[in-house]
Amino acid sequence: MTKNPMKPVAEETEGGVTRRTMLSWLSGFGLLGSLIIAALANFVFIKPRATYGQPNRFSIGKPEEFPSGARISLDTRRVCIVRDGDKVAAISTTCTHLGCIVGVSETGFACPCHGSRFDQDGNVTGGPAPRPLQWYQVSLAPNGELEVDKDNEIEVGTYLKV
Amino acid sequence: MSTQTTIRPRKGLLALPENIWHSVFRNPLPSSDLGRASTSFTNFFLHIHPVKVHRHSLKATYTFGLGLIASFLFLILTVTGVLLMFYYVPSTTQAYDRMLDLRGTVAFGIFLRNMHRWAAHAMVAVVFLHMCRVFLTGAYKPPREFNWVLGILLLLVTFFLSFTGYLLPWDQLAFWAITVGTSIAGYAPVVGREVRFLLLGDSTVGQEALLRFYVLHCAVLPIVLTLLATIHFWRIRKDGGLARPAEEDAVSGDTSQAGEVAIVSAPTVVMATSAGAAAAARPLVEKRQYGIQGLVRGPLTKVGSLTDRFRFSWPDLFQAELLVFVITVAAILVVSLFFNAPLEEPVNVMHPPNPAKAPWYFLGLQEMVSYSAFWGGVGIPTIEVLILLLVPYLDRKQVGVGKWFARERLLANSLFMTFAVVNVVLIVIGTFFRGANWEFVSPW
């Protein structure tokens, strides 16, 4: 009777793994590993290293351009500049629910997409929004202009004195 | 054998055209059962079908041809989509102008866009109805569990295809629907933000997102859908055709059948039949040689005069399929003649339309999202999909297979109908009862 070439014979494997089994495992791991690495490489590839959108740090002009009591929504920048006396703040107008632009309303902010409502400080007063609107850091640049940094979130109610 | 089933080349130069023709089409138009069998068997496009199909599978009121309609709609979408690609540019500065060009200057441009849009809407609806049909007839039960899973994946790919296509006109509707849709993805735990960033290629919807959606819509997803659909079709054959009640395979009052099978040794056409019949087949054992026929699970089907419940695919099945095809194309053509695909104002990233609504089939989702972004947009849909995927592995009892609203399946069918109706009601609310700021309005 001829031996089945694909089947390792029992007596040869006693107390260990045959060379054939070992090599099968290794090549299996190698192939599977290559496959996983290739798949991951695709994700690395499609994740852009540079984006072409707007800068997150930008100048909004001199403090005098915002009179006391002003609530000016800069829609292209997606922030609302709030001035109260000598205090200035920048509140995000991107709804924390699903990214629509909230409009300035009498009581604060209102989102047109799913009906979220916020008070003057951006705290949620109604609708599905899970978090208050973000506040961004405002600073006075050396040239005397106000600068908003959207990468720098600050606590709700933190103003810059000017 | 008296009937001619294959044609030998004839001698002489005059026979050249005829010989060329017959080198492509090997069978004359069939006039006998053997010819009918050979015609389906030797033609590349027809051999996807079995030579014979059970009469139960041919009943229009059993399937309503829904799966077939879905695949024909996909065919229409592929053809019109490729044609539209000749004029479309995935650029934020050009895309909208190209939409206007389709209206104004391109021959049949508006008509092709209408066909593409309406066929896409129809495909979402028909794929969903096809799923309902399969569930309500209990057709997902073993051995068809995996084909049901493939079907759910196909439903998801269909959704994703229409979602990616939605952005391409680059109008207000497109921009805000995708802004909302990708934000929902951002709510997924752990990977949400990353997935959103990979989808958009940026932190907001812009040029990168348009290009990515274009590639997904025109290349990646159609290939995925074609691959899955091919396996879906192949599995139908391997699982013994469409599901049908066990009694349809019972040999009733025809005790002579077994004997006759043994007697007739003329060329028989072997085909796999239903699970019920497969049970009758002898189990395969190791260390034995089998011919290809021995590996086919199922009994032999006779080609001769023996009566059985099977009909030849040529012409019964092919006629039916042609009819479904013609009706599908005609319906899309007529709708495209009378109704234009909507096109809103060009994108204005500063002013979302109020209310900003997704396409109708996502309005159920949007309605749920208006209560809770995570649960409505991620949690509940994920649970629904998981349950749908697991259905055939949980409900395995072989009762009520191949029958609409079978009494034995009252509980399963009621649960499914609840699921379907709730989703439809949510869509209706989102479509007709929601106005500015997503507040409840009466459509009357």
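Helices (DSSP runs of H or I, at least four residues) and strands (runs of E, at least two residues) are numbered from the N terminus. The structure is a predicted model, in which local features need pLDDT of at least 70 and side-chain atom pairs count only at pLDDT 80 or more, while totals for chains, interfaces and linings use all residues. Residues are numbered from 1 along each chain as its sequence is written, and chains are lettered from A and ligands numbered from 1 in the order in which they are written.

**Confidence and the contact between chains**

The predictor's confidence in each residue, pLDDT, runs from 0 to 100. Chain A has a mean pLDDT of 84, and 91% of its residues reach 70 or more. Within chain A, confidence is lowest in helix H1 (residues 10-13), with a mean of 52, and highest in helix H2 (residues 19-46), at 94.

Two residues are in contact if their C-beta atoms, placed from the backbone, lie within 7 Å. The contact between the chains takes 20 residues from chain A and 27 residues from chain B. On the side of chain A that touches chain B there are 11 nonpolar, 7 polar and 2 charged residues. In this classification Ala, Val, Leu, Ile, Met, Phe, Trp, Tyr, Cys and Pro count as nonpolar, Asp, Glu, Lys and Arg as charged, and the others, Gly among them, as polar.

**Strand pairing in chain A**

Strands pair if DSSP finds at least two bridges between them. An open sheet of 4 strands in chain A has the order S5-S6-S7-S8, with antiparallel pairing. Strand S5 (103-105) and strand S8 (124-126) each have a single partner strand, so one side of each edge strand is left without a neighbour in the sheet. Further antiparallel pairing involves S10(A), which is joined to both S1(A) and S9(A).

| Strand | Partner strand | Bridges | One bridge pair |
|---|---|---|---|
| S5(A) | S6(A), residues 108-110 | 3 | A:Gly103 with A:Ala110 |
| S1(A), residues 57-61 | S10(A), residues 146-154 | 4 | A:Gly61 with A:Leu146 |
| S9(A), residues 135-140 | S10(A) | 6 | A:Tyr136 with A:Glu153 |

The hairpin of S9(A) and S10(A) has 5 residues between the strands, and A:Gly144 takes a positive phi near 85 degrees there.

**Helix packing in chain B**

Two packed helices are described by the angle between their axes and the distance between the axes. Here axes are lines fitted to C-alpha atoms, for helices over the stretch in contact, and angles run from 0 to 180 degrees between N-to-C directions. In chain B, the axes of helix H9 (residues 172-186) and helix H10 (residues 192-200) come within 7 Å and cross at roughly 145 degrees. H9(B) contributes B:Thr182, B:Ala185 and B:Gly186 to this contact, and H10(B) contributes B:Gly192, B:Arg193, B:Val195, B:Arg196, B:Leu199 and B:Leu200. By class, these are 4 nonpolar, 3 polar and 2 charged residues.

Burial is judged by the number of other C-beta atoms, placed from the backbone, within 10 Å of a residue's own: 20 or more for buried, 12 or fewer for exposed, and partly exposed in between. B:Gly181, also in helix H9 of chain B, is buried, because 25 other C-beta atoms lie within 10 Å. Leaving aside neighbours within four places in sequence, B:Gly181 is in contact with B:Phe163 and B:Ala358.

In helix H6 (residues 95-104) of chain B, the residues B:Ala95, B:Tyr96, B:Arg98, B:Met99 and B:Leu102 are buried. They cover an arc of only 160 degrees around the axis, and therefore lie on the same side of H6(B). The arc is that of the directions from the helix axis to the C-beta atoms. Helix H7 (109-136) and helix H11 (207-238) of chain B are included in what covers these buried residues.

**Backbone exceptions**

Most residues other than glycine have a negative phi, and most peptide bonds are trans. The peptide bond from B:Pro142 to B:Pro143 is cis, with omega near 10 degrees, and B:Pro143 lies in the loop between H7 and helix H8 (145-167) of chain B. The bond from B:Trp314 to B:Pro315 is also cis, with omega near 5 degrees; B:Pro315 is placed in helix H15 (residues 313-338) of chain B.

A:Arg78 has a positive phi, near 60 degrees, and is found in the loop between strand S2 (71-74) and strand S3 (79-84) of chain A. With 19 other C-beta atoms within 10 Å, A:Arg78 is partly exposed. B:Val190 has a positive phi near 60 degrees and lies in the loop between H9 and H10 of chain B. B:Val190 counts as exposed, with 7 C-beta neighbours inside 10 Å.
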